[in-house]
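Please keep the sequence and the 3D view open while reading.

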Amino acid sequence: MSTGNYGSGFHERPHHLCAWAKITLGWLVPQTFYEGTAGPAVLPPVATARGAAKLISMASYFLLENRQQLDYDLNLPGDGLLIWHVDERYGSQSIDSHRLVDLEEADRTETGGDGGDPFPGTSQNSTFGAATLPASTDYDGHSYVNVSNIRVQGQDIYCELSVNLGPGAGITLNQKGNFPTIFTAMEAAFPHGEVYLPRGLYYESDLRLKEGVRVRGEQAAATIIDGQGRRLIEMRNISSGEIRDLSMVNGSTGIFVLRSQVDISYTVIAGMSVDGIVAFETAAHLRNNTIINVAAAGLSCLAGATAQVRNNIFAHNTTGIAKLESAQPELFYNDVWNNAINYQGLAAGGSDLSRDPLFINPFFGDFRLRAESPCINAGDPDSAFTDPDGTRSDIGALPFAFTPPPAPGEFRVNCGGETYRAPDSSVWLHDQPYLPGGAGFVGGVADSTNDPIAHTEMAELYQTVRRGLSAYRLDVPNGRYRVRLHFAEIEFEAPHQRRFDVAIENQLFLQDLDIYALVGHDFALVEETLAPVEDGQLNISFTPRREEPVLAGLEVQPINPLFIDIAAFAKAADPGAGVGAALGDYDGDGSLDIFVANAQKTSTLLQNNGLATFINQTQAAGLQAAESAEAGVWGDYDNDGRLDLYVVRSEKPGLLYHNLGTGRFADGAATAGVTNERAGRSAVWSDFDRDGHLDLFVANAGVSRLYRNIGNGSFEDLAPAAGVGDPLSSTGALGGDFNHDGFPDLLVTQLDHTFSSPNMLYLNNQDFTFTAATLGQNGLGATAGDYDNDGDLDIFMISMLNPLGAGEHLLLRNEGNGHFTDVADSAGLRAELPGQSAAWGDFDNDGWLDLHLAGPSQSRQIMRNLGNGKFSDFSQAAGVPALPFARANVSGDLDHDGDAEIYVVNQNQPNGLYQNLCRGNNWLVIKLEGRRSNRAAIGSRVRLRAGELALWREVLGGSGFRSQESLALEVGLGNHEQVDTLAVFWASGLVESFTAVRGVNRYLTIVEGVTVQADTHTDHTALPARFSLSQNFPNPIWGGPHAGATTIQYTLARPGRVELKIFNLLGQEVRVLAHGLQSAGRHTASWDGRDAAGIPVNSGIYFYQLDTDQSRSRKKMLVLMRSQ
C-alpha cells in the first residue's frame, strides 16, 4: 500500500490519517519502546484515544495503531491492529521494496486495502515476528521486533511486545561505547579490554581474540553467535584471554587455540561441522562449558596441549574428548555421555560422569538442566568453583539456578546440505546422522543440483536433498509440533518415476507422493501438518514405492504449552481450606463464575468480569454464611432463568441460595425443606421424574437425602421410598442417564474405615424409585463423559484401597445397557497413587474427551485421549505441574474463547486457574435452555455429527469430587467447519434435530420448543445465527460474454433493511444485488459478472458489501476472463 494510508477511496466521509501522518503533523505522540524492552501492551482505538506504539530497533522502526470502525473510521474495510514499517532515511514511496511508510498486511496480500490487512483481521493472523509472514524483518535483513498474541477485547487491542537487541546494539568496550559489530569491538579492545555482548543473536565469524582481551556475554542462553558455517573465534600466541557466557552455533570450528593461555567458561558450543574446541600447544582452562552435536570432536587436544578440563558436558558428538600426540589434558568432573566415542587416546577422568545430563530441550537449543539432572551439584567441590547461587558447582554451561531463557523458536535443517542462511535470515542447520538424544537422518546419501529451483526464494535449500533415507528422528519432549517437509524433484523429468509414502508418528501423512506429478521438475513443494509426540521422539518415516524417497528440508516448531496458570493475575487464587468448586453463570452475562467451597472458612463467590479476571462478590452477594462447606452445585430450581446455589456443609445445615436477580442471594433452605441437618459430603441436581423441576440429591456420611421438587418452591425427602436412603459413608454423587432410557440415574461413591464399601449405582425405574446395583468400591471422585464417542456415558472413578493412600483408577466403559467394564489397563489410565478428583474436558478440541487429574498423590495431570481407546500422559507438554495440595478440579470455558480452562482447588494453598492456549481446532459451545424441561436443561443430551466425527454430550448437575463443571456443552470439532446434524434430546423427552449447522467457533443458544410445532420431533434446516457474510462460491468466477455466476450467502440475526452491492477497486458501485426489507435467517444472492447495464465486467478484483441497520461486512472476489 504505497499511499501510506488505510481505507481511502470507498466513501465520501474521509477516514483518519495513519498514525505516521499524525505524528509527522504533531497531532499524536506515540508510546515508544526501545531495544531490550518487552511485556504486555494495550492499545486503545487511535480514532478516539490517540494511542499508538513505536517500536524502535536500528535505523527503521515499526509503528502500531489500533484502527476500529468508529468515528470517521466507521466505514473502514476492516478493523484491528495496523503495523507500519517506517524508514525515515527514505523520502519516497516509489520503490516498492523499500518505502518510507509501508503497511505490513496481515494476510500478505497487497490488494488496495481490505479486512485482511489488520491483525488479527479476517486472516486471524495474531503474530508478527521473525518467523512469520509477513515478517518483522528490517531492511538490513535482520529481525528484532516481535508482536504476539494479538487479540481484540471490546474496542482495545491486547498484545505482547518485545524489541530485542540486534547485532551491535549495546556492544560495549570497558562499559563504554556502542560498537556496530563484535569484530570492531574486539579490535578496539586490544590490549587488555573487556567486550560485553548483551542479549541477542549475532551473525559473525572469523573473530580473532588478541592479547589480554576478554569477551563476555549476558548468559549462554541469551547471547548467541551464529557462525554461518565458518570458524567462530581463534586465538594465536597470546598469554591471556577469556571467553565466557556465550553460545556459539552453526560454525565449522567453535574455538581454535594455538600456543595460548586462555580461559573458556560458561559457553555452549553446538552444531559445529568440524570440532567444538581445538587446543594446540596450549595451556587452556575449560570450565563449565557444554559442547554438543559436533561432527568431529567436542575437544581436540593436539601436540603439547595441557588443558585443564573441568565441569564440562560433552554429549552427542562423534568424539567427546580426543587426545593426539603429546597432548596432556587433565580431566575433572566432566559429564562425557552418548558420543559415538566418548574418549579417544585417553582414559576417563577419575571424577568424570557418563550419564544423560537431562537438558530441558536439547533439540531446540535449550541446554538448561532439568531439576532431576545428575549434573546439578556434581561439579568440582572446591569452593573456588562455586556456582553463582553459592552452591556446589553444577556441570555444564548453564547452572540450574539461572533464569529460563526465552522459549526456543523453530528448528530447521538443510537435508543433504551444509548450514544455510535463507533470505529471511532464518538459519537451516547442516544435515547429520541421528544419534540418541539428538536429531538426524537414518540412511540415505546427499544429492544436489545446480539447476535453478522455481516457486521459492530459497533455491539453495532445494538444490540439496537427502536421497534414500528411511527416517528422520528427533528426540524431543512430549508435546505438539508443527512439521513442514520441503521437497524438490531434481532428478526425474516425468511423472510416476519417484513415488513414496511419508508417515509421521506412525500415522500416514503423504500417500504415494509423486513430486513431479504435483509441481514438476525443479519446483519447490512444501507439505505441513501438526504432530503430537507421546513417547519422547518425533519419528518421520519414508517408505519407497518406486525409486528412493527424497527430502530437501525439514522444519519443526514446538507448539506452546496448552495451559498457563493465571490465577494470581485473574484474582482467582483464593487461598483457603478449599475442598470443591462449581462453575455457573449466576449473573447471566455469558461468562462462567466460580463458587469455591471452603471447609474451615467462608466460601468464595468469584464473579467473572468477561475477561477471565474475577471479582470476589461473596459479601456483596450475601454468601458470607457459606462456611464449613463441603460442596456447592448450581441449578435453577424455580425455573426463573437465574441459577440458584445449594451449599453442602459437614457440620451445619445446608444452604439453598435463591438468586434474586440483583446480584444477591437469599437462603431459603428452611422454607424449601432442604436443610439436610447431617454430615453432608456432596450434592447433585437432576430431574429424576422428568416433571420439569430439578430435584436434589445430597450425599451424606450416613443416610443421604433425595429431595423431590414439588414445583412450588418446596421439596419433600423421598430417599427411603425411592430406594436410595440406605446408610452409606458417601463421598460423592453423580447423576446421568447411564442406561440410555431417557431418565437420569444416580451413582453414589462411598468410603469408610474398612476400605470395603461398595459404590452404589441406582438405575431409575421411571416412577421415582430406583434399583440398586454395585459399581466398584471405595470411591472418592467420579466423573461421567462419553470418552469413546459411542453414545453412552462412561465413568472415570478414583478409589482408595487403604489408609496409606494406595488406590487405583477405574475407567468404566458403558456397554450400552447400564453395565460397565473396567478398561483402565488397556486405556493406560491405571495408577497406584490415584489422587482425588478428575474432570473430563476436550482440552485440544479434537472431538475426544481428555482427562485432568488432581490430588495430593497425583503425578499425572493431563491424560490426552488418542481417539483409539487409549490415553497418553500429556502433562509435561500441557504445562500443568504436579499439585500436591489439590483437592478438587473443574473444567469450563472461563475466558469465552471456546476451549476449556481448568480450575484446581488446593487445600491451604492458592488455587490454580490454568488458561487453555489451545489453537487450531474448531469448536462450538452449546447452551441449552429448557422450557418443558428444567430451565438449566440438566439431563438433556446433544448428539452431533461433523463428517466422520460423531459424539454425545450431556448436561450434568454435579460431577467429580464435590464439584460441578460448566452447564454449557463445550464441543471440539477438530478441523471440521460445519456440523452436519445436531439433535437435542431434552430432559422432558422432546427431541429436536437440526441439519447443516454452518458457522463454527461460536456460542449457540438453543431454546427448547421455540421453533417447534406441536409434534415432539421436528427437523430444521439450520440454527438461528448472528449476522454473517459468507465467501462467494465459486471464486474466482469467469467473466466475459459467456460469464458464469457466483452465489453469495448471508445470514441476518433479525429482520431489517438490507443492501448488498458490488464495487470495483476504485470504490465505484457496479451492481446492486439486494435492496429493501428482509426477514431474519439465511439468504442467497447471485451475480452473473455483469454491471447494472448488463455489460460484462472486466477481469480483476471486486468487493461485495452487505449493509444492514446495525452491521456491515465486506469481502472480495476475483473475476477472470476465459482464454479464447
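**Strand pairing and salt bridges**

Strand β39 (residues 464-467) pairs with β46 in the antiparallel sense over two bridges. The model is predicted: local features need pLDDT of at least 70 and side-chain atom pairs count only at pLDDT 80 or more, while totals for chains, interfaces and linings use all residues. Residues are numbered from 1 along each chain as its sequence is written, and side-chain values use heavy atoms, with hydrogens and water left out.

Sheet
- Strands are DSSP runs (E, at least two residues), as are helices (H or I, at least four), numbered from the N terminus; two strands pair if DSSP finds at least two bridges between them.
- An open, antiparallel sheet is formed by three strands in the order β38-β39-β46.
- β38 (445-448) and β46 (550-551) are the edge strands with a single partner each, so one side of each has no neighbour in the sheet.
- R467 has V550 in β46 as its bridge partner.

Salt bridges
- The structure holds 42 salt bridges (a side-chain nitrogen of Lys or Arg within 4 Å of a carboxyl oxygen of Asp or Glu).
- R484 and E528 form one of them, at 2.9 Å from N to O.
- Because R484 lies in β41 (residues 479-488) and E528 in β44 (residues 524-533), this pair ties together parts 44 residues apart in sequence.
- R484 and E528 also belong to a salt-bridge network with R412, R482 and E555.
- In the pair E627 and K652, the closest N and O atoms are 2.6 Å apart.

Accessibility
- E627 is partly exposed at 30% relative accessible area (buried is under 20%, exposed over 50%, partly exposed in between; 1.4 Å probe, protein chains only).
- K652 is partly exposed as well, at 31%.
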